Amino acid sequence: MLEERLDALSRMTAEHMAMPFPPGFRGLDVEDQDMVMLDADAYGYATNVLKRPLTEQHRAALTRLVAVFDKVLPVIDDEYASRYYTHVRKMAVLAVEVEDLREK
């Protein structure tokens, strides 16, 4: 189960890198969140989860990050950006799932 989730996370990070960043979202804040940093943070946590377990502090930050996506996604009215950030959120959620499996 853990290996399957790690493989899926690896695929998602590769897919993410192949997706162009949404036009007009550089330097944009949505719900007081810098959209570039939100993207970078989620990708950073996901790639770190692929390498090793996160510290408790980083796990907590990743969980908070998922909650931020729940706040900003409903406000994004650009179709591509909505798809892009939904993918990034799913990547972050999968990273949380991997961490949860590691704890068991």
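**Entry 1. Buried side of helix 2**

I looked up which residues of helix 2 are buried (under 20% relative accessible area, with exposed over 50% and partly exposed in between, using a 1.4 Å probe and protein chains only). They are Met35, Leu38, Asp39, Ala42, Tyr45, Ala46, Thr47 and Val49. I note that this is a predicted model, in which local features need pLDDT of at least 70 and side-chain atom pairs count only at pLDDT 80 or more, while totals for chains, interfaces and linings use all residues. Residues are numbered from 1 along each chain as its sequence is written, and side-chain values use heavy atoms, with hydrogens and water left out.

Helices (H or I, at least four residues) and strands (E, at least two) are DSSP runs, numbered from the N terminus.

**Entry 2. Length and cap of helix 2**

At the N-terminal end I found Asp34 as the cap, with a side-chain oxygen 2.9 Å from the backbone nitrogen of Val36.

**Entry 3. Helix 2 against helix 3**

I recorded that the axes of helix 2 and helix 3 come within 11 Å and cross at roughly 140°. The two helices are therefore oblique to each other, a term for angles that are not under 35 degrees (roughly parallel), over 145 (roughly antiparallel) or 65 to 115 (roughly perpendicular).

From helix 2, Met35, Leu38, Asp41, Ala42 and Tyr45 meet residues of helix 3, among them His58, Leu62 and Phe69.

**Entry 4. Glu99**

I located Glu99 in helix 4. Glu99 is buried, with a relative accessible area of 3%. A polar atom of its side chain lies 3.1 Å from the backbone nitrogen of Leu54. Leaving out residues up to four places away in sequence, Glu99 touches Val49, Arg52, Pro53, Leu54 and Arg59.

**Entry 5. Loop between strand 1 and strand 2**

I examined Glu31, which sits in the loop between strand 1 and strand 2. Glu31 has a positive phi of about 50° although it is not a glycine. Most residues other than glycine have a negative phi. Glu31 is partly exposed, at 38% relative accessible area.

Asp32 lies in the loop between strand 1 and strand 2, and its phi is near 65°, a positive value. Asp32 is exposed, with a relative accessible area of 74%.

Terms used: A polar contact is a pair of N or O atoms within 3.5 Å; within protein, one must be able to donate a hydrogen and the other to accept it, and residues adjacent in sequence count only if both atoms are side-chain atoms. Axes are lines fitted to C-alpha atoms, for helices over the stretch in contact, and angles run from 0 to 180 degrees between N-to-C directions. Contact means heavy atoms within 4.5 Å.
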